[in-house]
Amino acid sequence: MNIKIGLQFDGTNYHGWQIQKNAATVQETVKNALEKITGEKINLIGCGRTDAGVHAENYICNFHTLSSVPAEKFPYALNSVLPDDIVCLRACEAAEDFHANNSAVKKRYVYRILCRDFPDAFLGRYSWHYKHPLCVENMRRAAEAFIGEHDFIGFASSGFSVATTVREIYSLDVTENGDMITLDVVGNGFLYNMVRIITGTLVSVGGGKTDARDMADIIASRDRNRAGITAPPQGLCLREVYYR
């Protein structure tokens, strides 16, 4: 049977999702736990890569198994062997052709920026501490230029291989609650470091280094040098993956 599971993880102690040599990853940790439970070799398919230090509130993955363990019992079994910073929230049997990544139609990411003089002892692992003032209204104006279908090659780090760099952004909201600024973005897919580079670019706008009116031209230029820095990973969290 094909089992679909939803995970929540704190990415601080992991070098991202995907298995790597000589580095702890979320995929390897969960895969080892599943193999211990089922006694089988498991091919664990994730809904996409996450960078080192990036978190997830609802990360979807799937695997095929001949195990007699009922699908709904996997969260109990997994949570008994997983470390505290990875939690299995749910599990169910999926269609045989379900693929956590290929079947996804859109994803939602949230990035949090703590904008104040001093850091927060509790939120330091889950936000970017930015010491300088930011104009949220200008960030909102610039965010509008990202909506729609664009070639986002200028907002991607090197070192990736995809068929196309065209992606569609359905929404990009910038909200402010006290000292915390939150970027909430939904799209049909994201390139390597794309959300973090969009964040760095909007912070450049908010700080007055980039004019919001230039954003459409910056996107159209496809020039990585015209976009902002890559925001640090700890502020980023995968919030939701949507399927048909």
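Q: What covers the buried residues of helix 3?
A: This is a predicted model, in which local features need pLDDT of at least 70, side-chain atom pairs count only at pLDDT 80 or more, and totals for chains, interfaces and linings use all residues. Residues are numbered from 1 along each chain as its sequence is written, and side-chain values use heavy atoms, leaving out hydrogens and water. Helices (H or I, at least four residues) and strands (E, at least two) are DSSP runs numbered from the N terminus; buried means under 20% relative accessible area (1.4 Å probe, protein chains only), and contact means heavy atoms within 4.5 Å. The cover includes strand 5 (104–115), strand 8 (166–177), strand 9 (180–187), helix 4 (194–206) and helix 5 (215–221).

Q: Where on helix 3 do its buried residues lie?
A: In helix 3 (residues 136–143), the buried residues are Val136, Met139, Ala142 and Ala143. Seen down the helix axis, they fall within an arc of 120 degrees (taken from the directions from the axis to the C-beta atoms), so they line one face of the helix.

Q: Which side chain makes a polar contact with the side chain of aspartate 51?
A: Aspartate 51 lies in the loop between strand 2 (45–46) and strand 3 (55–64). Aspartate 51 is buried, at a relative accessible area of 16%. Not counting residues up to four places away in sequence, aspartate 51 touches Gly16, Tyr192, Asn193 and Arg196. The polar contact (N or O atoms within 3.5 Å, one able to donate a hydrogen and the other to accept it) spans 2.8 Å, and the partner is arginine 196.

Conventions:
Buried means under 20% relative accessible area, exposed over 50%, partly exposed in between (1.4 Å probe, protein chains only).
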